[in-house]
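Student: Please pick one part of this protein and take me through it slowly. I'd like to follow the packing of the helices, with every term spelled out.

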Amino acid sequence: ELIETGIILEDYPDYISKGFGKAMDQAREDVLSFNMELNRMTLDGVLTEEESNALADRVNKACESAIEAINSKQEEIQKSFAEAFNADGILDENEQILMNYYQRTGDTSKQEVQQMQSEINELQRKVREEGYVLTAEDEENIKNYYQRILQLELEAQANNQFELDYSQNQFK
């Protein structure tokens, strides 16, 4: 039960690199910390300007980090493909299709991060400017968005399919 709640971290299988395992641990701790902090902030039903700014800062940093990781992975993939595909000096149609696929996948992930960031920021704007009170559904959506942002960052950091699958299963 302690492993399931994230209080005690499990040992990772051999096919998970130590660096990726550490990133998984940090993401898990970050999600738990974020959820507890959001619960604390909204416990009284009022989100102060200071709390709102702290929340926005944390979400924005997570989004920036996720987008950086996605960009880095896109560059790494494009560079690897360019080196491999240009060995014969010709980039054929199938190779270009594969390169385009990975570019679109990264772009889609970045758009997803930006969309969730925008939705969280819009909720915060409504709270600050309109006196809107976050509902339990809003809070749950914010938590889910934050978790998804960290998941997308982890997916970009995965070094192989095993790590990718493992991270996706951990976030279900």
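At what angle do H3 and H5 pack, and how far apart are their axes?

Tutor: Before we zoom in, a word on what you're looking at. This is a predicted model, so local features need pLDDT of at least 70 and side-chain atom pairs count only at pLDDT 80 or more, while totals for chains, interfaces and linings use all residues. Residues are numbered from 1 along each chain as its sequence is written, and side-chain values use heavy atoms, with hydrogens and water left out.

Now your pair. H3 and H5 pack at an angle of about 25°, and their axes are 8 Å apart. Helices here are DSSP runs (H or I, at least four residues; strands are E, at least two), numbered from the N terminus. The axes are lines fitted to C-alpha atoms, for helices over the stretch in contact, and angles run from 0 to 180 degrees between N-to-C directions. H3 and H5 are therefore roughly parallel to each other; the cut-offs are under 35 degrees for roughly parallel, over 145 for roughly antiparallel, 65 to 115 for roughly perpendicular, and oblique for the rest. The crossing of H3 past H5 is left-handed, a label used if the near helix is turned anticlockwise from the far one by less than a right angle (right-handed if clockwise).

Who does the touching? On the H3 side, look for Arg58, Val59, Ala62, Cys63, Ser65, Ala66, Ala69, Ile70 and Lys73; on the H5 side, for Tyr146, Ile149, Leu150, Leu152, Glu153, Ala156 and Gln157. Contact just means heavy atoms within 4.5 Å. Sorted by class, that H3 and H5 contact has eleven nonpolar, two polar and three charged residues. For the sorting, Ala, Val, Leu, Ile, Met, Phe, Trp, Tyr, Cys and Pro count as nonpolar, Asp, Glu, Lys and Arg as charged, and the others, Gly among them, as polar.

Next, bring in H4. H4 and H5 pack at about 150°, with axes 10 Å apart, and H4 and H5 are therefore roughly antiparallel to each other. Their crossing is left-handed. H4 brings Ser109, Glu112, Val113, Met116, Glu119, Ile120 and Leu123 to this contact, and H5 brings Asp138, Ile142, Tyr145, Arg148, Ile149 and Leu152. By class that's eight nonpolar, one polar and four charged residues. H3 and H4 pack as well, at about 175° with axes 10 Å apart, and they are therefore roughly antiparallel to each other. The contact of H3 with H4 has 15 nonpolar, twelve polar and four charged residues.

The largest nonpolar core has 36 residues, and Phe34, Leu55, Val59, Val113, Ile142, Ile149 and Leu154 have the most contacts inside it. At least two core residues come from each of helix H2 (18-42), helix H3 (49-85), helix H4 (93-130) and helix H5 (136-157). A nonpolar core is a set of buried Ala, Val, Leu, Ile, Met, Phe, Trp, Tyr and Cys residues joined through side-chain atoms within 4.5 Å. Buried means under 20% relative accessible area, exposed over 50%, and partly exposed in between (1.4 Å probe, protein chains only).

Now try a few single residues. Gln78 sits in helix H3 and is buried, at 19% relative accessible area. Setting aside neighbours within four places in sequence, Gln78 is in contact with Met99 and Gln103. Leu98, in helix H4, is partly exposed at 34%; its contacts, with neighbours within four places left out, are Phe81 and Phe85. In helix H5 you'll find Ala136, which is exposed at 62%.

Finally, zoom out. The protein has six helices and zero strands, and buried residues make up 38% of its 172 residues. Among contacts between residues at least 6 apart in sequence, 70% join residues at least 24 apart.
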